[in-house]
Amino acid sequence: RASATHASLARARAEATRARQARARFASAGLKKCIHSRRIRGAVVVVVAARDGKERVRDAFASVLDRARCVCGDSKSRVALESRAGAKDAVGERPFSDAVFGFVFSMLAFGALGMVDESIKSVYGVRAAPFMCGSWASLSVLAFGVVDAPPMRLWNVLVGTVCSAAIATALVGACGASWQTRALSLSLSTAFMMRLGAIHPPAGALAMIIVDNAAFTSLGWTALAYPALVGSLFIVAMSAACQAAKNSFEFEWSDVVDAIGGGRWRRR
């Protein structure tokens, strides 16, 4: 009777062991299958991502080629090209003459400002009376590169320039020149220009210049009028003359070729 009991216990233990081994094999097989499945999915994801990446690179390259063909296909002046191939949404498409007059009037304006700057430096010294302002560079792009740009309206120029210069000067006087003052000056200037309907990007650059440039900071409240506003109004006047020339004399590159060959430019 005792031997029968031991035998039944041994069989029970053996069956339990075989059951555990079977479960372990099943779990191992399931784990391997799961890992294999995940590897397959991962490989598929990698392949799809690589294919999508190649397609995007190919599309981007084709887009660059389309834009190059667009630029080389005619002599137009543009503010921006089409957003995508065939979109037909080029911004500010104008005749070739706009680029010519933009170049000419920009040279005249900054040539005059440069001569004034050299004269002031020779009389008062480099740091005593700064004149050339970096914000005029962005102002000239709007003034001579775009026809009837809203930021170039007289209200925008006057209010944006005076507002930004006043904010920057007040903050530098109250808090000193620091990165916090720079950030606050630019942010407040932007908010005030938006509220007053006088968005003028060069005015934001002017606020940073007053904070960062010790020579302009030393001018104090004088910076509201000199040199920023004086130079800006001069560029605006030159911009008005440039716009008049662009609207009165329009020609394409083909007209230039005809003129060299004996033809005449047309006046609208």
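Is the crossing of α5 and α6 left-handed or right-handed? In this predicted model, the crossing of these two helices is right-handed.

**Helix pair α5 and α6**

Two packed helices are described by the angle between their axes and the distance between the axes. For α5 and helix α6 (residues 201–212), the axes come within 9 Å and cross at roughly 155 degrees. That angle makes α5 roughly antiparallel to α6, because angles over 145 degrees count as roughly antiparallel. On the α5 side, the residues that meet α6 are Thr181, Arg182, Ser185, Leu186, Ser189 and Met193. Their partners in α6 are Ala203, Gly204, Ala207, Met208, Val211 and Asp212.

**Confidence**

The protein chain averages a pLDDT of 78, and 67% of its residues score at least 70. The table gives the helices with the lowest and highest confidence in the chain.

| Helix | Residues | Mean pLDDT |
|---|---|---|
| α1 (lowest) | 2–73 | 61 |
| α5 (highest) | 179–195 | 94 |

**Serine 140**

Serine 140 lies in helix α3, which covers residues 135–145. With a relative accessible area of 11%, serine 140 is buried, because the cut-off for buried is under 20%. The side chain of serine 140 reaches the backbone oxygen of alanine 137 at 2.7 Å. Leaving aside residues up to four places away in sequence, serine 140 touches Phe110 and Gly145. Valine 236 is 96 residues from serine 140 in sequence, and the C-alpha to C-alpha separation of the two in space is 8.7 Å.

Note on methods
Residues numbered from 1 in each chain as written. Predicted model: local features only at pLDDT ≥ 70, side-chain atom pairs only at ≥ 80, totals over all residues. Heavy atoms only, no water. Helix = DSSP H or I, 4+ residues; strand = E, 2+ residues; numbered from the N terminus. Buried < 20%, exposed > 50% of the residue type's maximum accessible area, 1.4 Å probe, protein only. Contact = heavy atoms within 4.5 Å. Polar contact = N/O pair within 3.5 Å; in protein donor to acceptor, adjacent residues only side chain to side chain. pLDDT = per-residue confidence, 0-100. Axes fitted to C-alpha atoms, helices over the stretch in contact; angles between N-to-C directions. Parallel < 35°, antiparallel > 145°, perpendicular 65-115°, else oblique. Left-handed = near helix turned anticlockwise from the far one by under 90°.
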